[in-house]
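Keep the viewer open as you read.

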Amino acid sequence: MRGWPFVGRDEELETIRSCFDREEAIGVVISGEAGIGKTRLAREVLGRLESRGCHVEWVAATGALASIPFGAVANLLPNGWLPGEQGVSVLAATATRLRRYGETRRVIIGVDDAHLLDAGSAALIGYLAAHRLAFVVMTCRSGEGNETITTLWKDGMAPWLELPAMPPSAVDHLVDHTLSADVDGVTRVRLHTMAAGNPLALRELLSTAIADRALRPRHGVWHFTGDYHPTGAMRRLLAHRLLPMAPRIRLVLELLACGEPLPLPLLAQLAEPAAIDEAHTHGLTVFEREGKRTQVRLTHPLYGEVVRAGLPAGRARQLWWRLAHALLESPLRRRDDLLRAAIWQVEGGAVVRADVVRRGARQAIDRADLALAERLARAARDAEPSVEADALLAEVLEYRGRSAEAAAVLPEEPPSGDDELLRWALVRAETTYWGDGDAVAAERVLDHLTDRPGEDLALGIRSWILLHDGRCGAVLEIAERLLATDRASAQAVIWATAAATAAAGFLGRAPVVTGYYERGLSVGTARRAELPWGVVELDIARCLASLAMGEAHEAWKVADEGYRQVLSGDSPLMSVGYIGFRGLVECGQGKPVSAGRSLREAITCLEGKDTLRLTRTFMAGLATACAVGGEAADARTWMERADLAANDANRVYAPWMTLGNAWTLAAEDRLTDAAIVARYAADQALGLGLPTVEALARYDVVRLGGDGQCRRLEELDAALRTPMSHALATSARGLRKGDGEMLSSAVDAFDRLGQHLLAAEVATCTARIHRESGLASKAALARERAAGLRARCEGAVTPLLNHEQILRVLSRREREVALLAVRLSSRAIAAQLGLSVATVNNTLARAYTKLGISGRAQLAALLAISPAEEPA
């Protein structure tokens, strides 16, 4: 663990500085819990005052020195004086010594753990402070002290500064300083929760979790991969407060460790009220008001980890069962009661209410804790086998991306009862589509619910499947059919409106997007407690619609706000969809660094919970980000991983996958192949009936040096009439005609939409066209604007940005060969492009003539590219 910077205590530093500057003040008392940073703050204060010319002394009190008179202050005593000598003479001699220092500069004494001072040392420090021979900076543990500390504080001469927990921004700073890579949002939340703003706890937490590999990097992102158990210094730090407690207080701590937070009445059933009060008096517990309930929890989140680690297995099961039994005898009115009663039964080793465990598993799904949901679903199924239990377990397995296991749990033939049929059909349809990619078979399964109870839910699931299968027109038809009836359940309405929101975006129907989104959002907001995923699904659909329509500003805002809100709520695990789609938006905006960070986090966090098989899409997005960032090898690696994850589901993302390959080829300087692949992506979108995606793909053909796209872009603009379609058509037409004014209007349009990379590319071209037209002032303005836009693109590398001006005189094949020639021999270029060596050399010769150069060295210098190898 590297040395940590001093952060998060600016306000406290200013308070102490102000106190030091007041003539009447003689010191300050810094109080706080163990590990909160008292000593570090005191050391920082003394260091800064010493740099101002003060004479600094440091006193460290300990339990061992407390048995020796004047032991802690031995370094303050004159040479030759022993701690055992008479107190009055010690005071006088020490005062004389410090007066000499004070003749030329102010004396500062830091006293660490002042509550442990022996009586003589405490008296000496108090005497020096009271006679203004030194400004004293004392630290002490919260709730502890001695007569000297109390006297100085009560007399108003030494203000008392109680150190609070470190602010979240400071904790983030320390986490980022320690982990020299990105940290996923859920892990960051967990670190904040477990450390509770205590820097020592955070240091030990990071150190031991890394050593135990509970915290480790995955795809360049730090991620918690398992349970964390305090060890070493962390355990000793916490245990010293917990171990000496009386048995009845120990029981309170054990119950809380197994079930915190606990309602006070429930805790009072299992432990003596006097013991509960005593634990609170010792500062081990806190009472919190939640509505009409008083909840009790341990003061520090890690106390529970320490207590549980010390419990024998039998004792722990007994405590969990006592908690479960007490809660099951209550009305279970609170929503969390079901989940807790489920967990406690399973932990206690006796499931007596399988129905409660099944409902608890459903709540774990709602919180995106699929590992817990699977555990509960299996326990409920073992305790009470049924079709309902089978369907629940299969649903959880499907959500975890384990379709084959899910299919094996479900019976192949549909059950006869309405309730069993409903559960079977919904799960079987999802398993059939996302597991096998068979949309037709999934629809046949849902046909079993036609004119039967649950038909509305079947329509909702069907709309979601059809969306991901790329049949957006059919999605809108189903949504209208379902919303036309007033008998549709809230869940069905949310599914259908979310699917229709995204489908309308792919079709470029902006007003329709808003209508479906707002209708679904009103239901999702009203039923958030019952259907916590509703708003998340609608937000992601809105982000997807905005992304498809090119509204990058709106898409990023929806994804980023959703991500932050979910992380700060009760279900941070819901954040993965938001961060993944935010990464896709950032990739389109030309922010390869930000996109890489977001997409790596999404890919990492989706492991074991990729319900909609989005990992492949995010991998292709990451390949694109790497390509745009100039990292060709990384782009190819991620594209290959994406290809390995392919199945027949999610055809709606197929054009984006193909474009990822196109940009990977472009990063490898294979521009001819890249343009061909981008054209294929456009044809894929055309075949699926996704006009907004087709427009983006056809414009990518232009960006990659292809031609023949203007007419189709104008046709798409005439049909779509969206700001993005108009900007794409205008830019393509301007590039073909060399019309600077037309391109300037496209720059404005792209910039308004948040399409910074597209705007930067077009602005760069605009500057060149104005210059060639002799419009120097316009060219200068365009260059300035292009530079500003490029600055927002995090070093993005594209053909139009980097070599457009230099290589514009070359044909597409000449340009492609010239870019490769900087790095590769003619033989290697021939092998890569499928040409003869003679063809490569002839092409290069034509390029050299057009560029006015004579060889590869001049070509590399012209393009400002360092050769990777010496070409032959």
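This is a predicted model: local features need pLDDT of at least 70, side-chain atom pairs count only at pLDDT 80 or more; totals for chains, interfaces and linings use all residues.

As a reminder of the background, most residues other than glycine have a negative phi, and most peptide bonds are trans. Is D669 buried or exposed? With a relative accessible area of 16%, D669 falls under the 20% cut-off, so it counts as buried.

You'll find R213 in the loop between α8 and β7 (215-218). Its relative accessible area is 48%, so R213 is partly exposed.

One more backbone feature to click on: the peptide bond between E260 and P261 is cis, with omega about -10°. P261 sits in the loop that runs from α10 (247-259) to β9 (262-263).

Now for some helix packing. Two packed helices are described by the angle between their axes and the distance between the axes. For α7 (residues 185-195) and α8 (residues 199-211), the angle is about 130° and the axes are 9 Å apart. The two helices are therefore oblique to each other, and α7 passes α8 in a right-handed crossing. On the α7 side the contact uses L191, M194 and A195, while α8 brings in A201, L202, L205 and L206. Sort those by class and you get 7 nonpolar residues, no polar ones and no charged ones.

What about the interior? In soluble globular proteins, nonpolar side chains tend to be buried together. Here, the largest nonpolar core has 176 residues, and those with the most contacts inside it include I465, F506, L728 and F750. Helix α24 (residues 490-506) gives the most to this core, at 13 residues. Another core, of 36 residues, lies apart from it, with C258, L270, A275 and A316 among its members.

For a close-up, pick F750. Beyond its neighbours within four places in sequence, F750 is in contact with residues including Y699, M724, L728, L758 and V762.

Finally, zoom out. The protein chain has 45 helices and 11 strands, and its C-alpha atoms fill a box of roughly 100 × 80 × 45 Å along the principal axes. Of its 872 residues, 56% are buried. Among contacts with a separation of 6 or more, 66% come from residues 24 or more positions apart.

Definitions and conventions:
Residues are numbered from 1 along each chain as its sequence is written. Side-chain values use heavy atoms; hydrogens and water are left out. A nonpolar core is a set of buried Ala, Val, Leu, Ile, Met, Phe, Trp, Tyr and Cys residues joined through side-chain atoms within 4.5 Å. Buried means under 20% relative accessible area, exposed over 50%, partly exposed in between (1.4 Å probe, protein chains only). Helices (H or I, at least four residues) and strands (E, at least two) are DSSP runs, numbered from the N terminus. Contact means heavy atoms within 4.5 Å. Axes are lines fitted to C-alpha atoms, for helices over the stretch in contact, and angles run from 0 to 180 degrees between N-to-C directions. Angles under 35 degrees count as roughly parallel, over 145 as roughly antiparallel, 65 to 115 as roughly perpendicular and the rest as oblique. A crossing is left-handed if the near helix is turned anticlockwise from the far one by less than a right angle, and right-handed if clockwise. Ala, Val, Leu, Ile, Met, Phe, Trp, Tyr, Cys and Pro count as nonpolar, Asp, Glu, Lys and Arg as charged, and the others, Gly among them, as polar.
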